[in-house]
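Good morning, and thank you for joining. I would like to take you through one structure, beginning with a sheet and ending with the nonpolar cores.

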Amino acid sequence: MKKVVIIGGGLGGLSAAITLAHAGFHVELFEKNSHFGGKLMPVQLGEYNFDFGPNTITMPYVFQQVIEQTGERADHYFDMVKLPTHTQNIFTDGTHLNFSSNQQYMIEQLETLDPIGARNYPAFIKEISRLFDLSERHFLPKTFQSWRDYASPTLGAAMLQVRPWQSLHKFFASYFTNSNMIDSYNRYATYIGSSPFQAPATFAMIAYLEMVEGVYYVKGGNSKIAEAFTTLARKLGVRLHPETAVKKILVTHKKATGVELHNGERIDADYVIMNADLLKAYPELVSEDERPSFSNKKVQQFEPSISAFVILAGVKKRFSQLKHHNVFFSENYQQEFSDLFTHQSYSHQPTIYVSNSSYTDPARSPSGDNLFILVNAPALLQNGDMQVDSTSYKNHIYQMLSSHGLDIQEHLEVEKTFTPIDISEKFGAYRGALYGLSANRKIDAFLRSRNRSRDIHNLFFVGGSTHPGGGSPMVTLSGQNVAKLIILLEK
Ligand SMILES: Cc1cc2nc3c(=O)[nH]c(=O)nc-3n(C[C@H](O)[C@H](O)[C@H](O)COP(=O)(O)OP(=O)(O)OC[C@H]3O[C@@H](n4cnc5c(N)ncnc54)[C@H](O)[C@@H]3O)c2cc1C
């Protein structure tokens, strides 16, 4: 049977490894870190347990399917629970708006906040369902291999039906009139690392995922998904190598023939799949003359998605005002996007996301809350610098939260900060971007990098910088899509 080498053990690499091993391929996966799962990383600080990376899980069936395709039961590996009120949105004027997939509950809240929005809610749900249905049929299960795939008439027709020319903000503002309500929805643009004033309305399908299908949490921590994929991959015979960085992709006569590791060892392969961030790893692992259609100049033209400034804080207290997911909105959300994308600067009045998984799962931190605090940050500058002092910015975030009654510093037990520089170094993420490319330019939203190298035969790409995009379910799909393509090529 043919041999596949995978570079990087993020969710994309692991899902490809499982699918290929189940089909009988010999699979070897090399990961530079000591853990598998990439950005979905467990962090333990004393008796406080955190998920770094994906705290919000949607499309549970995508993860379950990776396991179930092998004949095993997903519930033997992890227990996913749906959160009833998944996100509490909190505004400076004192408004609280709870997001839930219970449509009646949403309409009841809207009746006082936004009566027009309440009336429009059923039509809104119908339209976001239509957008998701089209994406699910025409974009998500596909691999984009050559220009022919992009030029397909069915795809072209589908693209025109998903509101490509309207911005997300305009779309939401056509259903709701209350600015807090619109801001709560606009925040979905940040899930693809983009601005709601630029990203196309197509991405209102994210609202479908949360407001119709719901938000999930994995008992014991979302990183149980990565743990499950790792256990299953091993069981299927995948040879997993932690702490083993790949230095080079070996190319002979325009064909990938294997990889060279940092210790100089060479591993032969019939196919190479790169899960490491395309924008960072491709230029590092393949010399520029072997990839004429992906020159270093071209890489610099891509706009990276936003990054994040993250604080993990374990406190000796349970804050009664917090739910599982909480968003403390800034007074001027539009200004924040302008700071991030137009000026590439840190916002002085940022919107602050606080995930407190101990609300659902107290065993994660028995003596108090395990707070994952995230503020959107601009991608690193081209020279790798970030523009704030991390200690002052952290203290500023704590001060802002204390004005909402969260006196975190007073009750702090353990703490760890992750800056965009840490994200870039730990995961090899291009300029610290969370989701690969931004979707601000329509062209990047629809025509993300293809899943197959144009220049090198048998070299494939999975993960956040490639089709269908960033976010844990999408990268998992990209791994499966590419694996299925390789299986098809061998038939
Ligand atoms: C702070 C934060 C919050 C997020 N929140 C959410 C969320 O709530 N919901 C959601 O769905 N998504 C979220 N995401 C995004 C999500 O984590 C990513 O889209 C997804 O996990 C990326 O998976 P991936 O397969 O692209 O690979 P990655 O996770 O990027 O993994 C790539 C792997 O390749 C390895 N690697 C790189 N170079 C080499 C090399 N030369 N040799 C060997 N290995 C190498 C890296 O170490 C890494 O482990 C968040 C991300 C972050 C950072």
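By contact I mean heavy atoms within 4.5 Å. Axes are lines fitted to C-alpha atoms, for helices over the stretch in contact, and angles run from 0 to 180 degrees between N-to-C directions. Helices (H or I, at least four residues) and strands (E, at least two) are DSSP runs, numbered from the N terminus.

The model is predicted: local features need pLDDT of at least 70, side-chain atom pairs count only at pLDDT 80 or more, and totals for chains, interfaces and linings use all residues. Residues are numbered from 1 along each chain as its sequence is written, and side-chain values use heavy atoms, with hydrogens and water left out.

Helix 14 (residues 390-402) lies across strands 14, 15 (325-328), 16 (352-356), 17 and 18, and runs at about 65° to strand 14. These strands belong to an open, seven-stranded sheet of mixed pairing, in the order 7-6-15-16-17-14-18; strands pair if DSSP finds at least two bridges between them. Strand 7 (96-100) and strand 18 (412-418) each have a single partner strand, so one side of each lacks a neighbour in the sheet. Strand 14 (residues 307-315) and strand 17 (residues 370-377) run antiparallel, joined by eight bridges; Gly-314 has Asn-370 as its bridge partner in strand 17.

Now the interior. A nonpolar core is a set of buried (under 20% relative accessible area, 1.4 Å probe, protein chains only) Ala, Val, Leu, Ile, Met, Phe, Trp, Tyr and Cys residues joined through side-chain atoms within 4.5 Å. The largest has 64 residues, and Phe-176 and Tyr-121 are among the members touching the most others. Helix 4 (residues 115-138) contributes the most, seven residues.

Methods: Buried < 20%, exposed > 50% of the residue type's maximum accessible area, 1.4 Å probe, protein only.
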